[in-house]
Amino acid sequence: MTTPLWKSDDAVDATGGHASRSFAVDNVVIDSRQVTKGDLFIAIRGENQDGHKYINAAIQAGAAAAMIADDWEGSVPDDFPVLRVKDTMDGLCDLARAARNRSHARIVGVTGSVGKTSTKEGLYRALSLFGKTHATKGNLNNHYGLPLTLARMPGDCRFGVFEIGMNHAGEIEPLSIMLRPHIAVITTVAAVHLEFFSSILGIADAKAEIFAGLDEDGTAVLNRNNPLFHHLRAHAEDRGIRNIASFGTHPDSTFQLLSATPNDEGGSQIICSHSGQTITYVLGAPGDHWALNSVAILTTVSAMGIDPVAASAAFATIEPAVGRGAQKVIALAEGGQFTLIDESYNASPASVDAALAVLCEKEISAGGRRIAVLGDMLELGVTAPQLHRNIGTALRTLPVDAVYACGPNMAHLYDALDPKQQALHSEKSDGLVAAIADTVRDGDVITVKGSLGSNMKPIVDALIALGPNPNQMAAG
């Protein structure tokens, strides 16, 4: 028999609330649209929505109980259990802290300007080889997502992997204190969220807040390639953290990436070294950025006392997620095929560089072209025009045959291109859909990249619709 995630007595002890009747739940949910049978629905009051409006919808979806605010004056069926608390957001955080307190799992916190989701997913796969592992689902990494993920952690997990995101200073520190990680990973610091920071140094300071909850006996895992490595290390040392491990191509890295060679299966053959030992493994995802992520993962598991060679066995089956580099070979109705690389979920200067590197590594057949479809990189503030222009200048030297661009900032990139690369610029993505779909031919490789707010998904959908199975995006 499966042990419930939360029993009413435990939830009452954690929150100081009052339960109308006993209950046992298997999951915690704050979105009524995601409720399934046996869930605890927490009615969060946010800036734009009040979850109490959706309690009846949650009940109809099968919720086993609901956490509600003391001052809510609505009603539920007499036999439906409710846990009344003073504030439901505080109640969620109380559950999160109680879940952390009862857990004996080794906990990893992951942050960084780019690569944190991929690193988190890779860590989940690697650690799952050695025991029950709980991890952040999707992108639940903010002040709602992290306590929700913690509250969902079963008491018998051996490992926990938590992604921590931010776009303002001061957001990571309270989350780290709540999480109390044994290992804190900063994948890198780059020009992301500059709209809210005066400099990249400010971003580094904000990322270093992850050390706030790290025990003095814990380990900070840092990117040795990053120019701000020493700055981040100093932050860790100021917090009393003595164990600093690093990863990268730098010769002083604890785990040094020696080579990443593309293979015939669309991934890479990786060679790295650690303490004089050479480790060779297959990585299912392409690109130097994925190679670096994998070495960050080995650095982390090694700091946890796990054999990195054994952990590297998890990498062969890693594939980029939809919107984060997933690849699909799509057959054309008139014959032939093309490859779509879907990077439509997010974009920053560093991640665009990485996506373009993967595009340029792809071999093309006779008559095929490398095509980049790029949407605005958002939250870059006053630096946005120059950062976009810089990528356009760099593109002039790359083997990219055509560039389609959308958004006001992408106009700066487009103007910096070699005229031979300029295919079309539009203020919005829907202005590119028809032109891109019409231009595709046999042998093309097309990367679609942009911040979520630049709405590149319709372009991805239009390209997938050219094939016989438009409802599926899979690695090719």
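Mentor: What follows is a reading of this predicted model, from the chain as a whole to its sheets, helices and individual residues.

Trainee: How many helices and strands does the chain have?

Mentor: There are 15 helices and 22 strands. The radius of gyration is 24 Å, close to the 23 Å that the globule rule gives for 476 residues, so the chain is as compact as a globular protein of that length. The C-alpha trace spans about 70 × 50 × 45 Å along its principal axes.

Trainee: What percentage of the residues count as buried, and what percentage of the contacts join residues at least 24 apart?

Mentor: Of the 476 residues, 53% count as buried. Among contacts between residues at least 6 apart in sequence, 64% join residues at least 24 apart.

Trainee: Let us turn to the sheets. What is the strand order in the open sheet of five strands?

Mentor: The order is E2-E7-E6-E5-E4, and the pairing is mixed. Strand E2 (18–19) and strand E4 (27–29) are the edge strands, each pairing on one side only. E2 pairs with strand E7 (residues 82–85) in the antiparallel sense, over two bridges. Within this pairing, histidine 18 has arginine 84 in E7 as its bridge partner.

Trainee: Which helices pack on this sheet?

Mentor: Helix H1 (residues 8–15) touches E2, strand E6 (65–69) and E7, and its direction makes about 10° with that of E7. Helix H3 (residues 88–102) touches E4, strand E5 (39–42), E6 and E7, with a direction at about 130° to that of E6.

Trainee: Which residues meet where H1 and H3 are in contact?

Mentor: Ala11, Ala14 and Thr15 in H1 meet Gly91, Asp94, Leu95 and Ala98 in H3. By class, this contact of H1 with H3 has four nonpolar, two polar and one charged residues.

Trainee: Which strands stand at the edges of the open sheet of six strands?

Mentor: That sheet has the order E17-E18-E22-E19-E20-E21, with mixed pairing. Strand E17 (326–331) and strand E21 (422–426) stand at the edges with a single partner strand each, so one side of each is left without a neighbour in the sheet. On average, neighbouring strands of this sheet are turned by 15° against each other, direction ignored. E17 pairs with strand E18 (residues 337–343) in the antiparallel sense over six bridges, and lysine 328 stands opposite leucine 340 in E18. Helix H15 (residues 457–464) lies across E17, E18, strand E19 (370–375) and strand E22 (445–449), and runs at about 155° to E18.

Trainee: How are the hairpins of strand E15 to be read?

Mentor: Strand E14 (residues 255–262) is joined to E15 by six bridges and runs antiparallel to it; the bridge partner of alanine 260 is isoleucine 270 in E15. This hairpin has five residues between the strands, and glycine 266 takes a positive phi near 90°. Seven bridges join E15 to strand E16 (residues 277–283), again antiparallel, with two residues between E15 and E16. In that turn, serine 275 has a positive phi of about 50°. As for burial, five of the seven residues of strand E15 (residues 268–274) are buried.

Trainee: Is threonine 300 buried or exposed?

Mentor: Buried means under 20% relative accessible area, and threonine 300, at 0%, counts as buried. Threonine 300 lies in helix H9 (residues 288–303). Leaving aside neighbours within four places in sequence, its contacts are Val108, Leu123, Ile183, Val185 and Val221.

Trainee: What is the relative accessible area of arginine 97?

Mentor: Arginine 97, found in helix H3, has a relative accessible area of 38% and is partly exposed. With neighbours within four places in sequence left aside, arginine 97 is in contact with Asp90 and Met178.

Notes: Residues are numbered from 1 along each chain as its sequence is written. This is a predicted model: local features need pLDDT of at least 70, side-chain atom pairs count only at pLDDT 80 or more; totals for chains, interfaces and linings use all residues. Side-chain values use heavy atoms; hydrogens and water are left out. Two strands pair if DSSP finds at least two bridges between them. Helices (H or I, at least four residues) and strands (E, at least two) are DSSP runs, numbered from the N terminus. Contact means heavy atoms within 4.5 Å. Axes are lines fitted to C-alpha atoms, for helices over the stretch in contact, and angles run from 0 to 180 degrees between N-to-C directions. Ala, Val, Leu, Ile, Met, Phe, Trp, Tyr, Cys and Pro count as nonpolar, Asp, Glu, Lys and Arg as charged, and the others, Gly among them, as polar. The radius of gyration is taken over C-alpha atoms; the globule rule is 2.2 Å times the number of residues to the power 0.38. Buried means under 20% relative accessible area, exposed over 50%, partly exposed in between (1.4 Å probe, protein chains only).
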